[in-house]
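Have a look at the structure below. Then read on for a short tour of its inside.

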Amino acid sequence: MASVLVVEDDQFVRSALIRHLTEAAHTVRSVGTALEALREVAHFRFDVVILDLGLPDLDGSEALKMLRGITDVPVIVATARDDETEIVRLLNDGADDYLTKPFSVEHLAARMAAVLRRARSSAGEAPPSPEIRVGGLSIDPLRRQAELDGVRLDLTRREFDLLAFLAGRPGVVVARKELLAEVWQQSYGDDQTIDVHLSWLRRKLGETAARPRYLHTLRGVGVKLEPPGPSGAEPPR
């Protein structure tokens with residue numbers, strides 16, 4: 001079972017979450033403010049954080065950015081906000097998943113299970129592959145490090161998993177459904193999640209969707225990674 005940090009200032013919701021998670025045999029700690037949450041993750045190891053956005057001392061989205069500065073623990077954002085722009089921003093800021101309030105305990109359990117599967121898989125329960133090289137990209141699955149032209153890339157856990165999966169199949173178009181299954185370990189999901197992470201990854205690779213070098217999207221088909229052509233030109237399709 002998992003070690004869970006619940007960050008929620010509503011005492012009724014907080015108590016209900018603690019009761020449900022404890023009954024499911026998880027170890028639970030809980031706090032009601034963003035600053036308390038930062039102290040908790042700095043001193044204790046958690047498998048997942050459930051983060052409410054409406055905190056009294058600091059907006060949860062700002063707390064998310066601060067959490068990402070000190071830990072890569074999976075974060076599930078719990079929010080009453082259902083605006084698409086806001087959700088995209090949260091994913092960009094490092095959220096692993098989100099739940100829109102009100103949500104059922106069954107929904108929470110399913111999202112937690114998916115996030116924990118992904119985290120444990122990326123932590124290396126399976127033997128890591130040999131180092132991958134594609135053009136100027138060098139990816140070390142054992143150390144979970146990636147470099148571009150000798151410069152180390154600062155990647156989140158999900159960005160690394162996505163890059164490594166695509167780089168392990170250079171030149172092969174990977175369907176979005178396969179990316180969801182293999183990288184996110186979900187049988188279904190929103191393509192927007194993939195688009196957000198691809199956009200974030202492209203920025204770190206120094207490219208854009210309009211001027212790709214390594215990552216190429218084939219509309220309605222999928223995504224492929226391949227080395228750039230001569231002098232950094234886009235390879236022929």
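This is a predicted model: local features need pLDDT of at least 70, side-chain atom pairs count only at pLDDT 80 or more; totals for chains, interfaces and linings use all residues.

## Ground rules

Residues are numbered from 1 along each chain as its sequence is written, and side-chain values use heavy atoms, with hydrogens and water left out.

## The largest core

The largest nonpolar core has 28 residues, and L163, L166, L179, L205 and L225 touch the most other members. Such a core is a set of buried Ala, Val, Leu, Ile, Met, Phe, Trp, Tyr and Cys residues joined through side-chain atoms within 4.5 Å; buried means under 20% relative accessible area, with a 1.4 Å probe and protein chains only. Among the elements giving two or more residues are β8 (145-148), α6 (157-167) and α7 (176-182). Here helices (H or I, at least four residues) and strands (E, at least two) are DSSP runs, numbered from the N terminus. The top giver is α6, with 7 residues.

Skipping neighbours within four places in sequence, L166 is in contact with V174, L179, L198, L215, V223 and L225. Contact means heavy atoms within 4.5 Å.

A second, separate core has 20 residues, including L51, L53, A63 and V75.

## Two helices side by side

Which residues of α2 and α3 meet? From α2 come A34, A37, L38 and V41, and from α3 come A63, M66, L67 and I70. By class, this contact has 8 nonpolar, no polar and no charged residues.

Key
Buried means under 20% relative accessible area, exposed over 50%, partly exposed in between (1.4 Å probe, protein chains only). Ala, Val, Leu, Ile, Met, Phe, Trp, Tyr, Cys and Pro count as nonpolar, Asp, Glu, Lys and Arg as charged, and the others, Gly among them, as polar.
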